[in-house]
Every structure is written in structure tokens, then in C-alpha cells.
Amino acid sequence: MARSGLAGAARVARWADAALGPGRDGATADGKATLSDATAERAARELGLTVAQVRADWDTARLAGLVEVHGDRARPGWRLRAWDRDDSAVLRGWVALFDAWSLAYPEPEGHEPAAVAEVVSAMPQVLSFLQLSAGPVPVEQLLDLLQQRVTELRTERCEVVYGPQPEPAAPGAADAPLAPLLDWALRALASVGALTYGDGQATLTPLGSWAVWVKLEQICVAAQSPAGNIEQSAEDMLRGCAQLRPNAARAEYRAWLAARPVGSAVTELLEAARGEDALLRGLAFEALRVVGAPAEPDVRAVLDEPTLRPYALLWLAEHDGIDPEDAHEVLTREEATWLWVDTAAAVADHGEAPMLVRHLESAVQPTVPALLDEVRAVGHPRTVQVLVALAAAHPDPALAKAVRRAAFQVHTGGN
């Protein structure tokens, strides 16, 4: 259903990608990603559509993330790139359109912006009711629910008027202004494929019912945030997860992610990974594993950053279906050694001495002298501290001495 509903948008987005790619004339002319008249006419001619259809499909492509706008330029979004091979990209595109339903259909004229905003804020409860009803619901019933919710919103903002009020001119007159706004909202939701609307009743489509169910599930997950980190920054949330078992940490990541837009969440996690705390670096990429496909472009974009490259390579390998136990094979020897030092730094900062000794066994080098030679060569900024901590923790005096000597040589720049 999502593919069918977005087929026109995908077609126009693909046409723009092919006809207006880098080095060609831009698709937009007003700094708002509105198609120029010439471009819209050319697209209509080449695709066999009317100009109005092209413009409508272009707007849908923007709302669904098939096209991304940067200033007065538009470029293909990651969802368009993943369209044919990734069903989740299609569903996320449709959910983005569903979330933007109020932009997908012209607002009714003659209504205060505040009233429109109240209806938009109240519609999730109306949609939840439709989802629970699992069938057609009369519009009169939805209007009653909308009125109740708008009243609740005004009460929450302390906008209840106190004192004697004039009686309404007729029963139901107070509800009258909401009727055309509800009509607009239902038509807008029907235009994105979330429901059917006619004959005085509305029914969620299977796709709309699924989307509302997903939203409700996200709210429940967020409400069950086990460690209470949902309102924290990415860095503080990751610190809060450091002592949790893997399953509990993943539940916390899901709750944190459910409470914010995926794009900004990924950006915040990668920023936390760039910090000096190696433990947060590893945890940030664990959280990005929970994000999944939407994080791929951003993860791929950090491959040029030495600090993040090994983590990003492992993430991408696992995302491409490689068994996590075999994913390390995508790393070069130098990258694996760098990652070993970074992980050792996390253990040294947050773990116990036995963990650091056990970490020694995970090195790819067959002997400690070989490991020390390659550790010194990769130039990790925490090399000295890691080697000093390892020497202090290791029970073998001879090995500890060799590690201390290596730490001294790194520190002094000697051989």
C-alpha cells in the first residue's frame, strides 16, 4: 500500500534525479524547493502528466523524504536510493508523509491559525479512537471527541474562561467552528492514504491503522523507559546505560529514540561518539544499531574520521547482513589494533583490572611483543594510559615490565 500510494512521488523524484542531477539546472527557483514553471512543464511533458500532478507529486516526495531540500537546491533522499531494496525505507517514507498530513492538504480559509493548531494537536487522540474502533466511525462521534480534546488542551494551557458567560445561541453552536476543521483534517488524512472518508463516516485504512498502532507502541515504550533517561542528552543517556545489561540498554535506547526525530537522534549519537570517552563511542554505535537503516547515510559519512571509522565499518558490515562474529574481518590490521586500544581505554576508564587483562586475549596479534609493536604504530591518543593501566593490572611481572617499557617508549617517542 505504501509503495502504491507513493508511486507517483517516487516517479517524479527519480525523474528529477536523472534530469536535474549535479551539473544540470536546479529543480527549484524560489529557495523553497517549489518546482520552477519550466521544470514542472518539462516533467509533465516527459512523464505524460499534467503540471498540477507533477507539483502534487513533488510536494509528496518532499514530505516523504524522497527529496531533501538544502537551501534552494533539492537532492535525492536516502529513501529514494533504498526504495527498491528496502521495504522499511518505503514504510518510513509513508510514515513521514502521514506525520505531515496537515501540510499535505490546503487549510480551510477563514479560520484562526490557533484553532487549526488545536485541531492538529487533538487529532492523534481521534486517530487512536479510530484505531481502537477497528471499523467505520460516524463523523458526529469524532466531532464530540475532537471537542473534548480541544477543551482539554485549552484547560492544560489554563485558558478556561471563568465567570458568567452568555448562553450559546443554540445547542451545539459552540461545536460548530470545529466541524469544518474536522472535515479538513479527515480529508487531509484521506489524501495521504491513512483513512477513507465519506457518507458521514471515517475508517482507517490498514496502512493508517498500522501507523497509529506503531505510534501508540512508541509512546508505551517511551513511557516504560526503565532508567529514566528519555529526557537526557545522548551523552547523558549513554552514560546512564553504561551499567545496564545489554537487553535493558537496548530498551533504553528504543525509548530514547522513540521520543525524538530519527535524524536529530542519529546526529546527537554520532556527536557523543566523537568525544574523548571511548565507552560512549561503543555505546553510541550500539544505539545506532537499534536505529537501523535510517542511520546508514550518516554512519557511512563518518568513515573518513579515524576515531569513528572502525566502529562505522563494523556497523555497516552488520547492517549488510554479515554475522557480528565475522564482522571484524572487514577491518584492516591497523584498524583492528586501533579499535583494540580504544576498547581498552573504555575498560581502563570504566571497568575492573581483570577485564583489562581479559581484553588482552582479544587482540588479533599472536604475541604480546607483536601487539605492543603494532599498538605503538597506530598512534592512538590513549596508548600510553592504556599500556600503563594494563601493566598495573597484569599479574605476570615479566609481561607487565614489557608493557611498562612500551608505554615509556611511546611517551618519550623513543624506540
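This note sets out numbered points on the structure above.

1. Basis of the model. The model is predicted: local features need pLDDT of at least 70, side-chain atom pairs count only at pLDDT 80 or more, and totals for chains, interfaces and linings use all residues. Residues are numbered from 1 along each chain as its sequence is written, and side-chain values use heavy atoms, with hydrogens and water left out.

2. Salt bridges. Side chains of opposite charge can pair when their charged atoms come close. The count comes to 20 salt bridges, where a salt bridge is a side-chain nitrogen of Lys or Arg within 4 Å of a carboxyl oxygen of Asp or Glu. One of them joins the side chains of Asp17 and Arg81, at 2.7 Å from N to O. Helices (H or I, at least four residues) and strands (E, at least two) are DSSP runs, numbered from the N terminus. Asp17 is partly exposed, with a relative accessible area of 24%, whereas Arg81 is exposed, with 52%. Buried means under 20% relative accessible area, exposed over 50%, and partly exposed in between (1.4 Å probe, protein chains only).

3. Glu152 and Arg149 meet through their side chains in a salt bridge of 2.9 Å, N to O. Both residues lie in helix H8 (residues 139-156), three residues apart, which is about one turn of the helix. Arg149 is buried, because its relative accessible area is 16%. Glu152, at 34% relative accessibility, counts as partly exposed.

4. A salt-bridge network. The side chains of Arg239 and Asp277 also form a salt bridge, with an N to O distance of 2.9 Å. Arg239 lies in helix H11 (residues 234-241) and Asp277 in the loop between helix H13 (262-273) and helix H14 (278-291), so the pair ties together parts that are 38 residues apart in sequence. Glu235 joins these two residues, so that Glu235, Arg239 and Asp277 are linked in a network of salt bridges. Arg239 is partly exposed at 38% relative accessible area, and Asp277 is buried at 13%.

5. Helix packing. Two packed helices are described by the angle between their axes and the distance between the axes. For helix H20 (residues 383-393) and helix H21 (residues 397-412), the axes come within 8 Å and cross at roughly 160°. Axes are lines fitted to C-alpha atoms, for helices over the stretch in contact, and angles run from 0 to 180 degrees between N-to-C directions. H20 and H21 are therefore roughly antiparallel to each other. In this scheme, angles under 35 degrees count as roughly parallel, over 145 as roughly antiparallel, 65 to 115 as roughly perpendicular and the rest as oblique. H20 passes H21 in a left-handed crossing, a term used if the near helix is turned anticlockwise from the far one by less than a right angle.

6. Positive phi values. Most residues other than glycine have a negative phi. Ala134 has a phi near 55°, a positive value in a residue other than glycine. Ala134 is found in the loop between helix H7 (113-133) and strand E3 (137-138), and is exposed, with a relative accessible area of 69%. Asp199 likewise has a positive phi, of about 55°, although it is not a glycine. Asp199 lies in the loop between strand E4 (195-198) and strand E5 (201-204) and counts as exposed at 81% relative accessibility.

7. A nonpolar surface patch. Leu91, Trp210 and Trp213 form a nonpolar patch on the surface, with about 270 Å² of accessible area together. Patches are made of residues with over 30% relative accessible area and no salt bridge; like charges are joined within 9 Å and nonpolar side chains (Val, Leu, Ile, Met, Phe, Trp, Tyr) within 5 Å. Accessible areas come from the Shrake-Rupley method with a 1.4 Å probe; for residues, only the protein chains shown count as cover. Trp210 lies in helix H10 (residues 206-223) and, at 30% relative accessibility, counts as partly exposed.

8. Residues apart in sequence. Thr337, in helix H17 (residues 333-350), is buried, with a relative accessible area of 2%. The C-alpha atoms of Thr337 and Leu372 are separated by 9.9 Å, and the two residues are 35 residues apart along the chain. Ser121 is placed in helix H7 and counts as partly exposed at 43% relative accessibility. Ser121 and Leu146 are 25 residues apart in sequence and 10.0 Å apart in space, C-alpha to C-alpha.
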